Amino acid sequence: MKAAGVLDNRNVLGLLFLLPAAALLLVFLTYPLGLGVWLGFTDAKIGRDGIWIGLENYEFLWGDPVFRLSVFNTFFYTLIASVFKFGLGLWLALLLNEHLPFKGFIRAIVLLPFIVPTVLSAIAFWWIYDTQFSIVSWLLTRMGWIHSNINFLGSPNPARVSTIVANVWRGVPFVAICLLAGLQTIAPSLYEAAAIDGATGWQRFRHITLPLLSPIIAVVMTFSVLFTFTDFQLIWVLTRGGPINATHLMATLSYQRAIPGGALGEGAAIATSMIPFLLAAILFSYFGLQRRKWQQGGRD
Amino acid sequence: MASVTLSGIRKSFGATPVLHGVDVQIDDGEFVVLVGPSGCGKSTLLRMIAGLEETLDGEIRIGDRVVNRVPPKARDIAMVFQNYALYPHMTVRANMAFSMRLAGRAAAEIDARVNDAARILGLDDYLDRFPRQLSGGQRQRVAMGRAIVRDPQVFLFDEPLSNLDAKLRVQMRTEIRALHQRLRTTSIYVTHDQIEAMTMADKIVVMNAGRVEQIGAPLVLYDDPANLFVAGFIGSPAMNFLPGRLAEGGAVVLDNGGRIGVASTAAKPGQAVTVGVRPESLEIAADGLLAEIVVVEPTGADTQIYCTLAGRDVNVVSRERHGFAPGQGIRLRVAPHKALLFDADSGARIR
Ligand SMILES: Nc1ncnc2c1ncn2[C@@H]1O[C@H](COP(=O)(O)OP(=O)(O)O)[C@@H](O)[C@H]1O
Ligand SMILES: [Mg+2]
C-alpha cells in the first residue's frame, strides 16, 4: 500500500518516467561531450593515451594562424550562407504560399536538395565545379560569356563562394519549408482585415507576416546557423579545407588534425572551442524568443 | 454614411453557383440583417460588398459610386469578422490605431479617436493588453473598436456574436444596437440566427440557397411571410404547418378530415395547400380540432404544449397554466385571419 502511495505522487512518477530518457541522454550525449572536452586538455595521439597538459593545446591554437583562419572562415561561411538561406528561403516560402498551379509538385521539388544525402549532393557539386567538365563553365562558354573554364575550387575566394553556394543550395529547402509551415498558421482573415484597414502588399508583409513569422524565423535560423557553423561533409568532399586552408572550417580543421594528423588532443581542443559560439547562438535565439509578449498568457 | 445598392449580384466559385441574382436596397443609416441558413451565401455577399471577393456579375453601389472594381481599402467600409481577426502581435491600442497609422494620420488625432472608441466600448483599461489577454467579449469589442475608429460609410458584420456564450450574445446584441443608434452608420449584419435578426434589424433580408426570399421589417416578416421558407425560418418556436386541400366556403380540409376556416380569397377550391399557424395563434377551445398531447413544458411565463394533430407535430404556446398530461386529448382552434395559406407545390403564400 505504501509503495502505491509513493507511486501516486505525481513528482515521483514523473521522475520515474524521466529516468530512461535521462540515462540515454547521459550515456549518448554527455559522455562523448565530456570525453571530447577532456581530450582537449590532454596531448592524446592516436594509439597513445594522453596526459593532462592543461591549457597547452589552447595556447598553441591561439598562436596558430591556420586555426585563426579557420575561425574567420567559419564565421564568414556561416554569416553569408545564413543570410542567403534566410532571404531565399523566405522568398520561396512566400512564393509557395501563393495559389500556384501544381503546388504540391513544386513543394516536393523544393524539398529535393534536403532529402538527398549531403555526401551525394557534395559529389554532385564537385562535378559541377570540376575544372574540366563543369557544366557551368560549359554553359557560360557556349553563351560566349567566358573563354576559359572557371577554376571554381582552385583559388581561395572562388572556392569560398563555391562552397557557400553549395551550402545555401542544401540549406534553403529546410528554411523554406519551415517558414512555409509558419506562413500557413497565419489566419487569412488577418490579411483581409489589413487590406480593409488600408495596408498595401508590402505593408501587409511588413506589419502582419514578418512579426507573426518572427518566432519561427528565430527557431529556424538558430538551427540553420548551428548546422552551418558545424558543417563538415560538404567542405570535406569539395575542398578538404583547401586551397591554402581558405575553406577550412573549425570542424574540418579539427577532424584533419585529429584523425589524419593523429593529434587527438589538439583536434578535440578545436572542436571544444566551437562550443562557446554555439551556446551563444542558442542563448541569443532563446532570449530573442522570450521577448514576444503577445504569444503568452491569457485565456482562450 | 451612405446607402448601399446591390443589383443582380451573381457569384460562382468555379462551377458552383453560390448567388443567383441578389437585389437589395439598403438606405442611408439603416441596420440591415442578412439572415439565412448556413451556406446560403450570406458571407459571400458581405465579402463582395467589402471587396474581398470579386464581383463580376451585377453591380454594387456604395452611395453614388459603383465599387465593383474598387479595392477594399478605397471602399470606405469597416468589417467585423466572425473570428475578430485581431492582430495578435499588436496591443488593443495598436489594433485600433492600425488603419489610421497606415493612412499617416497625426499621432494626436489617432490617440483621440482611439480613446474615444475605447470609452464608448468600455475598453479604457485594456488598451495596452494583447488580444490573447482578453476574454471573448472583450475581443469582440476591440474588433468593433477597430471598425468605429475609422468612421466608415458602412459597417459590415459577419456573424460577430457566434463565438460568444448565450448570455454575452444577448448583451452584445443590445450593445451593437445601442452603438448603431448613437453612430447611425449604415450597417449590414450577417447572421444565421433569426432571433438576432428579429431583435436587431430595421430591415431583414432572408436568404436561402443564394436567393433573396423576402425583405422587410422584422414584424412584417413574422406576420406576413411571403412563402413557406420565410414562415418556417422566422419565429421561435417555429410556425406549425398542416397540409390539406381547399374546400368550398373558405375552409381547408386536413388529412384527417378536420376543417380549418381561412380568410384567403385567392385560392381555388380543390387546390393542395399548407396551412401555417403560429404556436401562439392556436387557442384551446371546446369546439376545436382534436389533438393529442405529447409533452408539456411550462417556462413560467407561458406553457409550450407539443401535440400531434392530423399526424403532424404541432406546437402550442399558451399564456395560461393548465393541468395537462401527456396522452391527454386537447381541442385547438385558430382564428381564420391567423391561418396563413401556402401553395403546397411552390410554397408561395396565397393571400
Ligand atoms: N472560397 C470559396 N471557394 C469555394 N466555395 C466557397 C468559397 N466560399 C464559400 N463557398 C461556398 O459558397 C457557399 C456559400 O458560402 P457562405 O457565403 O460562406 O455561406 P454562409 O455565410 O451563408 O454560411 C457555400 O456552399 C460554400 O461552400
Ligand atoms: Mg458565413
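# Chatting through a predicted two-chain model

Modeller: Let's start in chain B: strand β1 (residues 4-13) of chain B pairs with strand β4 (residues 57-62) of chain B in the antiparallel sense, over 5 bridges. Strands here are DSSP runs (E, at least two residues), helices are runs of H or I with at least four, and both are numbered from the N terminus. Two strands count as paired if DSSP finds at least two bridges between them.

Colleague: Before we go on, what kind of model is this, and what are the ground rules?

Modeller: It is a predicted model, where local features need pLDDT of at least 70 and side-chain atom pairs count only at pLDDT 80 or more, while totals for chains, interfaces and linings use all residues. Residues are numbered from 1 along each chain as its sequence is written, chains are lettered from A and ligands numbered from 1 in the order written, and side-chain values use heavy atoms, leaving out hydrogens and water.

Colleague: Thanks! Back to β4(B): which residue there is the bridge partner of R10(B)?

Modeller: That would be D57(B).

Colleague: And how does β1(B) pair with β2(B)?

Modeller: Those two strands are antiparallel over 8 bridges, with β2(B) covering residues 16-26. Across the pair, L6(B) stands opposite V24(B), and K11(B) has L19(B) as its bridge partner. The hairpin leaves 2 residues between the strands, and G14(B) has a positive phi near 60° there.

Colleague: Where's the ligand, then? Which residues are around ligand 1?

Modeller: Taking residues with a heavy atom within 4 Å of the molecule, you get F13(B), V18(B), S38(B), G39(B), C40(B), G41(B), K42(B), S43(B) and T44(B).

Colleague: What backbone distances do you have for G39(B), C40(B) and K42(B)?

Modeller: For G39(B), a backbone N or O atom lies 2.6 Å from an oxygen atom of ligand 1. The figure for C40(B) is 3.2 Å, again from a backbone N or O atom to a ligand oxygen. K42(B) has a polar backbone atom 2.9 Å from an oxygen of ligand 1.

Colleague: Switching to the interface: how many residues of chain A and chain B are in contact?

Modeller: 24 residues of chain A touch 27 residues of chain B, with contact meaning heavy atoms within 4.5 Å. Together the chains bury about 2,300 Å², 59% of it on carbon and sulfur atoms. Buried area is the accessible area (1.4 Å probe) that two parts lose on being put together, summed over both. In chain A, I196(A), D197(A) and W294(A) lose the most area to chain B, together 32% of what that side buries.

Colleague: How many salt bridges between chain A and chain B?

Modeller: The count is 2, where a salt bridge is a side-chain nitrogen of Lys or Arg within 4 Å of a carboxyl oxygen of Asp or Glu. D197(A) makes one with R150(B), with the closest N and O atoms 3.7 Å apart.

Colleague: Which elements give two or more residues to the chain A side?

Modeller: They are α9 (188-196) and α10 (201-229) of chain A. α9(A) gives the most, with 7 residues.

Colleague: And salt bridges over all chains, how many?

Modeller: The total comes to 18. D202(B) and R177(B) form a salt bridge at 3.4 Å, N to O. D202(B) sits in the loop between α6 (194-200) and β9 (203-208) of chain B, and R177(B) in helix α5 (residues 166-183) of chain B, 25 residues apart.

Colleague: What's the strand order in that open sheet of chain B?

Modeller: The 6 strands run β13-β12-β11-β14-β19-β20, with antiparallel pairing. β13 (259-261) and β20 (349-350) of chain B are at the edges with a single partner strand each, so one side of each has no neighbour in the sheet. Further in, 4 bridges join β14 (residues 272-277) and β19 (residues 340-343) of chain B, and V275(B) stands opposite L341(B).

Colleague: Last one: which residues does a cis peptide bond join?

Modeller: S236(B) and P237(B), with omega about 0°. P237(B) lies in the loop between α8 (228-233) and β11 (240-247) of chain B.

How values were computed: Polar contact = N/O pair within 3.5 Å; in protein donor to acceptor, adjacent residues only side chain to side chain.
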